[in-house]
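Please examine the sequence and the structure shown below. The report then considers the nonpolar cores and the salt bridges in turn.

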Amino acid sequence: AADNERVVVREAETDLELQQLCVLRAEAYYEEDVHNRFINSFKKKFAEQESRCVRGRIVGSDTLGFACLVALDADSKAVVGSADIRIPDKSEDLPSAYISNVCVDVRHRRRGVASL
């Protein structure tokens with residue numbers, strides 16, 4: 001059974017949420033690379049780059065069709081999942097929204113968080 005009643009999904013609003021989602025994405029990106037001795041440096045660099053990219057999309061001129069969603073633990077308010085959604089405007093020849101960068105914290109997987 002899904003344990004998603006303890007999770008709230010909404011747009012990222014605070015700097016802390018953006019920081020947490022970037023770290024979560026870095027952890028997910030390098031999840032399989034556990035034996036690399038430089039892994040912590042790679043994760044830190046990835047999170048910094050992701051932070052610049054996400055902030056640029058949020059405050060950029062073409063943000064009308066972009067949303068960065070976070071799944072927050074209802075108790076701790078910690079980011080346990082994230083996804084980017086881009087809705088094309090009418091001038092683009094795309095049939096539907098584009099969802100990317102979906103990731104869920106390892107401790108919250110298999111609980112229906114990504115299906116919210």
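Predicted model: local features only at pLDDT ≥ 70, side-chain atom pairs only at ≥ 80, totals over all residues.

## The largest nonpolar core

In soluble globular proteins, nonpolar side chains tend to be buried together. In this model, the largest nonpolar core comprises 17 residues. The residues with the most contacts inside this core are A12, L18, L21, V54, C68, V70 and V79.

Three elements each supply at least two residues of this core: helix α1 (15–29), helix α2 (39–59) and strand β2 (66–73). Of the elements, α1 gives the most, with 5 residues.

The surroundings of V79 may be examined individually. Leaving aside residues up to four places away in sequence, V79 touches E17, Q20, L21, L24, V70, A71 and L72.

The structure contains 9 salt bridges. One of these pairs D73 with R6, and their closest N and O atoms are 3.4 Å apart. This pair connects distant parts of the chain: D73 lies in strand β2, whereas R6 lies in the segment before β1 (7–11), 67 residues apart. R6, with a relative accessible area of 36%, is partly exposed.

R10 and E17 form another salt bridge, in which the closest N and O atoms are 2.4 Å apart. Here R10 is partly exposed, with a relative accessible area of 26%. E17, at 7% relative accessibility, counts as buried. E17 is also one of the residues that V79 touches.

## A buried pair and a network

Which residue forms a salt bridge with R25? The partner is D84, and the closest N and O atoms of the two residues are 2.7 Å apart. This pair also links distant parts of the chain, for R25 belongs to helix α1 and D84 to strand β3 (residues 79–86), 59 residues apart. Both R25 and D84 are buried.

Salt bridges may also share partners, and in this way R6, D73 and D75 are joined into one network.

How values were computed. Residues numbered from 1 in each chain as written. Heavy atoms only, no water. Core = buried A, V, L, I, M, F, W, Y, C linked by side-chain atoms within 4.5 Å. Buried < 20%, exposed > 50% of the residue type's maximum accessible area, 1.4 Å probe, protein only. Helix = DSSP H or I, 4+ residues; strand = E, 2+ residues; numbered from the N terminus. Contact = heavy atoms within 4.5 Å. Salt bridge = Lys/Arg side-chain N within 4 Å of Asp/Glu carboxyl O.
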